[in-house]
Amino acid sequence: MLTNYIKIALRALRRQKGYSVINIVGLALGISVCTLIALWVADELSFDRYHANVERIYRVDGDVKFQGQAFSLTVSPPPLVPTVKMEFPEIEDATRFRTNGTWNFTVDNKTFREEQVAYSDPAVFNVFSVPVIRGNGTQALTQPFSMVLTEEVAQKYFGNENPIGKSLKGDNNKMYTVGAVIKRFPSNSHIRFNVLISMVSYEDSKSNEWVSNNYNSYFLLKRGVQPEAVTKKFPDVIRKYIAPVLERDMHIPYDKFLKEGNLFRYYLFPLANIHLHSGNKLGEISPNGSMQYVWVFSGVAAFVLLIACVNFMNLSTARAANRAKEVGIRKTLGSQRGQLVAQFMAESSLMVMCALTLAFCIVEAVLPAFNDLAGKELLRATLLTPQFIGMISVLFVVVSLLAGAYPAFVLSAFQPVKVLKGDKSSGSKNKTLRSTLVVVQFTASVALVIGTLVIFNQLQFIQTKNLGFNREQILLVDDPVTLPDGSALRFRQEVSRITGVKNATVSNYLPTGGWRNNSILFTGKDNVSAAVQQWNVDADYVPTLGMEIVQGRNFSTAFASDSLGVIINQTAAKKFYGAENPLGKTVRTPNESKKEIYTVIGVVKDFHFESLRETIQPLVMFYGTKFGGTVIRFNAAETASVLAQVESTWKRLSPQKPFEYKFMDDSFREIYKSEQRIGAILGVFTALAIAIACLGLFGLAAFTAEQRTKEIGIRKVLGASVASIIGLLSKDFLKLVGIAIVVAVPLAWYGMSAWLRDFAYRVELSWWMFALAAAASVVIAFLTVAGQSWRAAQSNPVQSLRSE
């Protein structure tokens with residue numbers, strides 16, 4: 001019986017090749033999109049879950065609210081971990097990371113640049129699952145100037161030799177001894193360091209400074225301990241160690257500090273939640289994802305698969321009339337309804353199996369391109385894992401039932417007496433269902449188009465918004481501090497004399513990302529205080545970056561007093577002094593032991609130095625810097641010449657160090673790489689969703705034209721024009737698209753309003769976005785239907801009416 005079902009199913013597929021291709025291709029595209037998104041979602045959800053003790057590992061995060069300003073931290077003070085390990089019995093072990101940016105390491109006169117370098121405590125191997133390839137992990141970071149390398153980094157410096165016990169020279173001319181080689185942290189880890197240096201090598205790690213937050217701290221709790229049990233002890237730690245410092249520097253009792261609405265707290269944040277739920281807190285080790293995008297793409301996958309299944313159901317029920325006599329004859333010859341259901345389910349299952357096979361081939365072919373687009377390292381091997389095979393099996397059953405069950409029951413319910421008399425009205429009774437399904441399809445498609453338009457418009461807004469500085473034609477040389485004399489100033493002076501260079505400055509504080517220093521400053525009036533960004537810059541910083549001084553003047557080498565001068569942004573001026581003229585006013589540092597008073601000499605126009613998700617915060621620039629990256633503004637027409645001369649200058653001053661650079665534009669784009677990738681992925685999947693919907697619409701239009709062949713013939717004989725026939729056949733479908741637009745617009749407005757709320761500076765949802773999406777959907781639907789309508793209108797009426 002099963003063999004017979006399969007034979008009949010294959011015969012039906014061959015007999016209706018066009019519809020079979022549309023069904024299989026549409027379903028395959030839907031399944032392949034769903035599969036790719038499932039791989040992406042699974043990767044996002046898997047972050048940091050590979051650690052053996054993931055359920056017991058927590059990061060210490062903090063919330064600070066001061067004078068109406070609030071921010072969240074992922075960093076804590078250096079003494080926190082040692083203190084808590086001694087005082088909290090709930091802690092099994094703890095470790096810290098102190099990120100240290102980019103280093104150059106040298107061995108045998110070969111120098112390489114390493115991007116991901118951090119200081120770490122030895123307990124990193126106890127807290128996290130870090131596979132050790134060579135050496136002793138537990139002892140590797142116990143001694144000063146010891147280090148751990150990933151396998152790839154060790155291979156780069158030492159080839160196939162055993163690196164254990166060998167040394168690399170760092171930027172500070174210290175020799176660091178390799179104690180262990182580890183496997184590279186996987187791509188689904190928020191910790192991705194390539195080099196770990198022993199924490200005891202870093203003097204600041206021994207500091208007892210409780211108000212300096214620079215360390216990412218992680219706790220491994222003992223089994224059975226709840227994180228709340230540790231979190232509720234932090235207020236006592238703050239009151240014991242931090243409150244006295246705040247009272248000393250701010251001259252305000254801690255209880256009064258809290259009563260005035262201020263906040264200072266630490267809490268434990270689960271390791272497994274960091275990637276998707278931490279957001280954009282200060283001090284993150286690596287950029288995080290967003291659970292919002294996981295939901296968005298899961299919804300896209302569901303919509304696309306739904307559209308594909310709807311196509312299948314629509315075309316199957318639409319073709320029912322053409323198999324009505326077959327059903328009538330089978331029933332007359334004794335076939336039971338169950339046998340007919342089984343037959344049609346077998347046909348549906350066979351088509352789903354073909355679609356799954358084609359989808360697997362599509363995923364296999366496009367996975368490398370998808371990885372590039374999404375910035376992922378999804379593996380082909382994942383397609384053959386038991387979990388994925390199980391998912392495919394479930395998908396096969398679900399899609400077969402969703403796409404095949406209804407057509408099977410509809411077809412098997414035809415009455416033999418009616419259909420053998422030529423009554424095919426049973427097929428038309430399903431018109432309402434088919435219309436509803438078309439509305440569902442295009443509702444999803446229109447909503448996706450609107451979402452894509454809004455995302456691209458927001459990205460365009462980011463690219464073109466006046467940020468308060470000029471990022472064009474800016475060259476960044478990151479590591480002049482590694483020059484032999486240890487100073488970046490000589491390099492800046494040299495490059496400033498190059499033809500084509502307009503300005504050059506030295507600073508590690510850049511609007512497009514770099515060092516950040518959150519501090520508390522006080523004004524001389526009423527002891528007003530505020531949390532501010534505190535940057536060290538030189539006299540060339542403001543003109544090099546094209547910023548605007550709106551009051552007062554810039555720093556100048558001609559005024560020795562500028563060493564005690566500051567430039568503040570407009571937000572700081574308003575925060576500190578309100579409507580008063582800030583020039584000549586003073587600010588002071590809070591530390592009583594080294595309190596210094598500075599005079600405001602200028603006000604710089606507000607500029608964005610964080611993502612446009614954040615509002616502009618108070619910023620104070622202090623004069624004087626002897627180290628940092630070199631920032632070079634140059635003439636665009638002389639780019640090649642400037643690059644060559646800057647590189648030549650570098651190699652002359654530091655022949656052993658590699659010359660590496662980037663453009664500020666590229667750094668700016670890095671900030672919004674996540675949104676750019678999300679926009680690109682959504683754009684591709686939206687195009688595929690529309691294509692799948694149009695495939696179904698194409699098939700339905702062809703079916704409708706076929707069903708109304710005689711009507712069209714009669715209309716042509718009576719003088720109907722081709723245009724009128726095209727309009728006749730198209731209007732019903734366009735009505736459905738119009739209904740879909742009415743449903744999709746409010747849904748898309750609600751969803752995109754929620755997405756835009758993540759940005760402090762954003763585009764407004766404008767009517768033209770919805771109008772453009774609606775117009776595009778109508779045009780695409782019309783062109784899809786009009787093609788089939790035109791073919792029907794061009795047919796010879798004699799052919800359709802000769803049997804009448």
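Which helices each supply at least two residues of the lining of the second largest pocket? In this predicted model, where local features need pLDDT of at least 70, side-chain atom pairs count only at pLDDT 80 or more, and totals for chains, interfaces and linings use all residues, the answer is helix 11 (291–318), helix 17 (431–464), helix 23 (673–707) and helix 25 (722–756). Residues are numbered from 1 along each chain as its sequence is written, and side-chain values use heavy atoms, with hydrogens and water left out.

The second largest pocket has a volume of about 570 Å³ and is lined by 22 residues, among which V296, F303, L747, G751 and M752 lie nearest its centre. A pocket is here an open set of points, on a 1 Å grid over the protein atoms alone, where a 1.4 Å probe fits and protein lies on both sides within 12 Å along at least five of seven lines, and lining residues have an atom within 4 Å of a point. Grid points are joined across faces, edges and corners, and the volume is the space filled by probe spheres set on the points.

The protein chain as a whole comprises 27 helices and 24 strands, assigned as DSSP runs numbered from the N terminus, with at least four residues (H or I) for a helix and at least two (E) for a strand. Of its 804 residues, 51% are buried, where buried means under 20% relative accessible area, exposed over 50%, and partly exposed in between (1.4 Å probe, protein chains only). The chain exposes about 35400 Å², of which carbon and sulfur atoms supply 57%; accessible areas come from the Shrake-Rupley method with a 1.4 Å probe, and for residues only the protein chains shown count as cover. Among contacts with a separation of 6 or more, 79% are between residues 24 or more positions apart, a contact being heavy atoms within 4.5 Å.

F297 is placed in helix 11 and counts as buried, at 1% relative accessibility. Leaving aside neighbours within four places in sequence, F297 is in contact with I37, W40, I678, I681, L682 and F685; the C-alpha atoms of F297 and I681 are separated by 9.3 Å, although these residues are 384 apart along the chain. T649, found in helix 21 (residues 639–653), is likewise buried, with a relative accessible area of 7%, and touches F491, E494, V495 and I498 when residues up to four places away in sequence are not counted.

Salt bridges, defined as a side-chain nitrogen of Lys or Arg within 4 Å of a carboxyl oxygen of Asp or Glu, come to 26 by this rule. In one of them, E90 is paired with K233, with the closest N and O atoms 2.8 Å apart. This pair links distant parts of the chain, 143 residues apart, since E90 lies in the loop between helix 3 (80–87) and strand 3 (91–99) and K233 in the loop between helix 7 (227–231) and helix 8 (234–250). E90 counts as buried at 15% relative accessibility, whereas K233 is partly exposed, with a relative accessible area of 25%. The side chains of K166 and E161 also meet in a salt bridge, at 2.2 Å from N to O; K166 is partly exposed at 28% relative accessibility, and E161 is partly exposed at 48%. A further salt bridge joins E203 to K206, with the closest N and O atoms 3.3 Å apart, and both E203 and K206 are exposed.

V21, which lies in helix 2 (residues 17–45), is partly exposed, with a relative accessible area of 49%.

Backbone geometry was also examined. Most residues other than glycine have a negative phi. D48, however, has a positive phi near 65°; D48 lies in the loop between helix 2 and strand 1 (57–66) and counts as buried, at 0% relative accessibility. F145 has a positive phi of about 60° although it is not a glycine, and F145 lies in the loop between helix 5 (137–140) and strand 8 (146–150), where it counts as partly exposed at 29% relative accessibility.
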